[in-house]
Amino acid sequence: MILITAMIDDEDDRNFMHMVYEINKQLMFSIAFRYTNNREDCEDIVHDAVEKLCGKVEKLKSLQDFALKSYVIRAVFHAKKDRLCLFLIEK
């Protein structure tokens with residue numbers, strides 16, 4: 001994901017986030033699809049979640065696998081909530 005490359009300067013952190021994204025990509029999209037069937041909206045939700053996760057690399061590195069997966073799930077949930085709020089404001 002190009003976003004990760006653009007947001008993170010440190011190569012180790014960038015590689016870590018690429019790994020987190022690749023491992024959890026299917027999970028993130030499946031969660032996003034629970035809230036919308038629109039592919040573009042799902043991509044936006046996952047993009048927003050990854051953007052938030054990129055700002056928390058140090059925290060993510062300190063988590064065990066099960067906690068990291070939970071953190072990723074919550075990031076998608078909150079990204080969905082934020083996107084829904086924007087949608088309602090625009091109407």
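Author: pLDDT is the predictor's confidence in each residue, on a scale from 0 to 100. The chain averages a pLDDT of 88, and 89% of the residues score at least 70. This is a predicted model, in which local features need pLDDT of at least 70 and side-chain atom pairs count only at pLDDT 80 or more, while totals for chains, interfaces and linings use all residues. Residues are numbered from 1 along each chain as its sequence is written, and side-chain values use heavy atoms, with hydrogens and water left out.

Reader: What are the elements of the chain, and how many helices and strands are there?

Author: Helices (H or I, at least four residues) and strands (E, at least two) are DSSP runs, numbered from the N terminus. The chain has five helices and zero strands, and the order from the N terminus is α-α-α-α-α.

Reader: In which helix is confidence lowest, and in which is it highest?

Author: The lowest mean, 72, belongs to helix α1 (residues 2-7), and the highest, 95, to α4. Where pLDDT is low, the predicted coordinates should not be read in detail.

Reader: Why is Val 57 called buried?

Author: Buried means under 20% relative accessible area, exposed means over 50%, and partly exposed lies in between (1.4 Å probe, protein chains only). Val 57 has a relative accessibility of 7%, and therefore counts as buried. This residue is in helix α4 (residues 57-61).

Reader: What does Val 57 touch?

Author: Contact means heavy atoms within 4.5 Å. Not counting residues up to four places away in sequence, Val 57 touches Ile 8, Asp 13, Phe 16 and Met 17. The C-alpha atoms of Val 57 and Asp 13 are separated by 6.6 Å, although the two residues are 44 apart along the chain.

Reader: Why does Ala 75 count as buried?

Author: The relative accessibility of Ala 75 is 10%, so this residue counts as buried. Ala 75 is found in helix α5 (residues 65-90). Leaving aside neighbours within four places in sequence, Ala 75 is in contact with Ala 49 and Leu 53.

Reader: How many disulfides are found, and what makes a pair of cysteines a disulfide?

Author: A disulfide is a pair of cysteine sulfur atoms within 2.5 Å. A search of the whole structure finds zero disulfides. As for the cysteines themselves, Cys 42 is buried because its relative accessible area is 0%, and Cys 54, at 8%, counts as buried too.

Reader: What makes Lys 80 a charge over the ring of Tyr 35?

Author: A charge sits over a ring if NZ of Lys or CZ of Arg is within 6 Å of the ring centre and within 35 degrees of the ring normal. Lys 80 lies over the face of Tyr 35, at 4.4 Å from the ring centre, so the distance meets the 6 Å limit.

Reader: What share of the chain is buried?

Author: Of its 91 residues, 34% count as buried.
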